[in-house]
Amino acid sequence: MPARRIELMLCTGTGCVAGGAFHIKQALEEEIARQGLEVEVSLVPTGCNGFCGQGPLLVVLPEQIFYGWLKPEDIPFLVQEHFLKGRPVKKLMFVPPEKKEPIPLLGDIPFFKKQMLLVLRNKGVIAPEKIEDYLARDGYTALEKTLTTMTPPEVVDEITRSGLRGRGGAGFPTGVKWDVCAAVKRFPKYIVGNCDEGDPGAYMDRSLMESDPHSVVEGITIAAYAIGASQGFVYIRTEYPLAITRLQRAITQARDYGLIGNRILGTNFSFDLEIREGSGAFVCGEETSLLHSIEGESPEPRQRPPFPAQSGLWGCPTVINNVETLANVPQIINRGAQWFASIGTEHSKGTKIFSLVGKINNTGLIEVPMGITLREIIYDIGGGIPEGKQFKAVQTGGPSGGCIPASQMDLPIDYESLKKAGSIMGSGGMIVMDEDTCMVDVSKFFLQFTNDESCGKCSSCRDGSDAMLEVLTRISKGEGREDDIAFLEELAPAIQDASMCGLGTTLPNPVLTTLRYFRDEYEAHIKEKRCPAKVCKDLIAYWIDPQLCQACLICQRECPAGSVYGEKNMVHVIDQGKCTKCGTCLDVCPPNFGAVKKLSGVPVPVVEHGIKVERKKRPAKPGQAQV
Amino acid sequence: MAKLTLEDLRKKRAEAQKGIYLREGEFKGKITVHMGTCGIAAGARPIVAAFLEELEKSGRHDIQVTTSGCAGLCSKEPMATVEMRDSPPVKYGELTPEKARKIFQDHVLGGAPAVDYALGIGSERGA
């Protein structure tokens with residue numbers, strides 16, 4: 001390949017693709033060709049860069065200049081100014097919220113600064129569809145080392161000593177799982193990579209697969225060697241077409257190169273890998289359901305023991321690891337158990353990938369060392385809460401996890417501390433909520449999800465979630481009863497105790513944690529018929545303050561229900577009977593009037609039709625003499 | 001394709017590493033070609049191409065060729081600045097592709113500035 005000056009790392013993860021990354025790619029290719037820069041400048045489509053909130057985005061190497069929110073029409077100017085003439089374009093750089101000056105370099109942007117890239121070390125640096133790129137970044141050196149210098153028990157031992165625990169949620173020690181399976185002397189054995197990511201707002205596994213699929217292929221092959229498996233499957237949901245395409249390509253390349261298949265690299269070890277697509281049932285993330293699904297059976301969990309390590313796929317010994325767990329393996333083999341164990345906290349080693357979403361400035365995919373505090377994640381990496389609002393809580397672990405309140409901001413993130421706080425690590429979804437989030441509404445949302453996704457095998461989960469949802473719905477409608485909280489607290493442990501799989505045993509978590517930390521909100525809904533965050537539609541009303549209304553007619557025009565009565569110079573009034581509480585009037589009321597108010601828990605003051613507006617004087621501009 | 005042996009894999013990896021060196025970001029030297037409108041009009045683009053060709057031939061992965069705006073001395077364009085680690089930058093003017101090749105050989109690879117083409121050593125002072 002001829003020498004180049006510039007490499008353009010264009011993010012083509014799902015987020016950026018949805019934002020038009022392929023249009024940017026086309027525009028770049030066209031303009032680069034027009035300027036005759038094809039030789040000097042190369043364009044590399046990468047997997048998820050992580051800073052999804054800025055997509056479509058581009059990193060210019062070797063300088064590491066970061067451009068975000070690109071539009072195809074920006075491209076000709078960018079190519080001419082920067083790539084031809086060497087003048088970086090300020091207006092396309094990242095500007096932190098509430099700041100004026102852009103930060104040109106990726107390494108200086110706070111979102112990236114506090115991260116520690118281990119599993120995602122190749123994100124944004126390689127083209128995921130090229131095995132050469134992975135090889136160049138020391139790819140498959142761990143496999144080489146394993147097959148040529150280590151015995152299977154040595155590999156298991158290395159992983160055990162590293163302290164690696166399952167990244168899918170429960171945090172079971174990976175080495176122990178492998179050891180149990182390795183000890184069973186029945187063949188064939190299987191290894192399964194779990195990429196059935198189903199939590200709302202979570203996309204760690206997908207992004208990993210889209211940005212560095214070979215790290216999973218290498219990890220799973222090493223795992224197969226350690227336990228003596230001859231066949232592997234990666235179970236991945238069919239809603240992840242890009243991840244599937246890239247993984248399939250990686251598997252084909254690895255097979256062509258002889259990195260999987262018969263007698264790998266000339267050794268006696270043979271192993272092959274296939275993809276199994278799941279159709280998106282949440283319960284398939286649970287290991288025994290997942291195995292049933294691969295076998296072509298109905299995806300229902302079964303009782304354990306026997307554990308899959310002893311009796312899994314078609315009754316054969318099977319290890320199931322999350323794909324993030326597997327992607328850690330090559331790193332541990334290359335750099336040693338001791339190195340890995342030096343990162344993190346006492347019982348949680350290494351890093352964890354989170355998808356940071358919700359009411360947060362810097363939405364994106366992050367990888368941080370275990371033990372980092374919530375405060376660092378939310379304020380340093382996440383850049384705080386938009387519009388200066390108050391941070392209220394963060395939901396970790398998706399529908400199986402719990403809400404951690406602002407008072408626990410300094411909680412170090414690891415398996416134990418999250419459990420103590422009533423939540424779980426889960427697979428890594430992190431949904432940030434601000435002061436405008438109603439905790440009853442949040443629990444109801446997650447319960448609705450688990451209720452939909454319950455496979456129905458255990459009545460405690462199936463009917464228990466029904467009963468919980470019914471109570472939560474009642475509370476959010478203002479029809480809650482005095483004993484509802486006690487009922488929820490009694491029902492929750494029953495569901496946890498009597499359900500067979502993780503879905504049932506964790507589904508009460510959102511309710512229990514919100515009751516633990518935000519009990520006053522439940523009580524306000526039940527006793528005062530008030531929603532403190534003003535979210536629950538049945539408990540709020542929109543009202544126009546007659547003293548602030550300037551009769552601009554905007555809300556009257558925009559209201560989709562035709563519920564605003566208004567005329568020129570007359571105070572506008574909302575007909576509460578017609579109002580559907582969509583909030584349009586609040587959104588469109590000019591901020592300098594601020595006349596539309598949300599009310600909850602108080603009677604809506606009656607405003608007569610036909611009141612003349614009180615004109616407000618415009619505030620004088622600073623420096624202007626007041627007349 | 002044929003299955004790889006260990007040897008083949010290592011060769012493939014070494015070959016692949018050549019392709020991504022710009023991403024590793026470790027450079028001992030930097031050649032900046034000034035590409036303002038004046039530079040481009042005076043023929044800066046063939047200079048970039050010449051430097052890149054020489055770089056390719058040398059097989060070196062610790063040298064970066066880049067561009068920047070007008071250097072201010074438009075009558076001496078095309079111009080380039082060569083900065084090698086631990087020595088002051090040298091500005092060259094009135095370049096031709098041939099001169100560029102010689103600068104690459106003598107200064108970048110050989111370590112001795114091509115004084116015949118140099119306009120000056122060091123950078124302008126800030127105010």
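In helix α6 (residues 141-149) of chain A, the buried residues are Ala142(A), Leu143(A), Glu144(A), Thr146(A) and Leu147(A); a residue is buried if 20 or more other C-beta atoms, placed from the backbone, lie within 10 Å of its own. Helices are DSSP runs of H or I with at least four residues, strands are runs of E with at least two, and both are numbered from the N terminus. The model is predicted: local features need pLDDT of at least 70, side-chain atom pairs count only at pLDDT 80 or more, and totals for chains, interfaces and linings use all residues. Residues are numbered from 1 along each chain as its sequence is written, while chains are lettered from A and ligands numbered from 1 in the order in which they are written.

The buried residues of α6(A) pack against α7 (152-162), α10 (213-227) and α13 (323-335) of chain A, and also against α1 (6-19) of chain B. Contact here requires C-beta atoms, placed from the backbone, to lie within 7 Å.

Between the two chains, the contact takes 26 residues from chain A and 27 residues from chain B. On the side of chain A that touches chain B, α5 (131-136), α6 and α11 (241-257) each supply at least two residues, and the largest share, 4 residues, comes from α5(A).

Chain A also contains an open sheet of 4 strands in the order β2-β1-β3-β4, with mixed pairing; two strands pair if DSSP finds at least two bridges between them. Because β2 (41-46) and β4 (65-67) of chain A stand at the edges with a single partner strand each, one side of each lacks a neighbour in the sheet. Within the sheet, β1 (residues 6-11) and β3 (residues 58-61) of chain A pair in the antiparallel sense over 4 bridges, and Leu8(A) has Val60(A) as its bridge partner in β3(A).

Notes
Buried ≥ 20, exposed ≤ 12 C-beta atoms within 10 Å, placed from the backbone.
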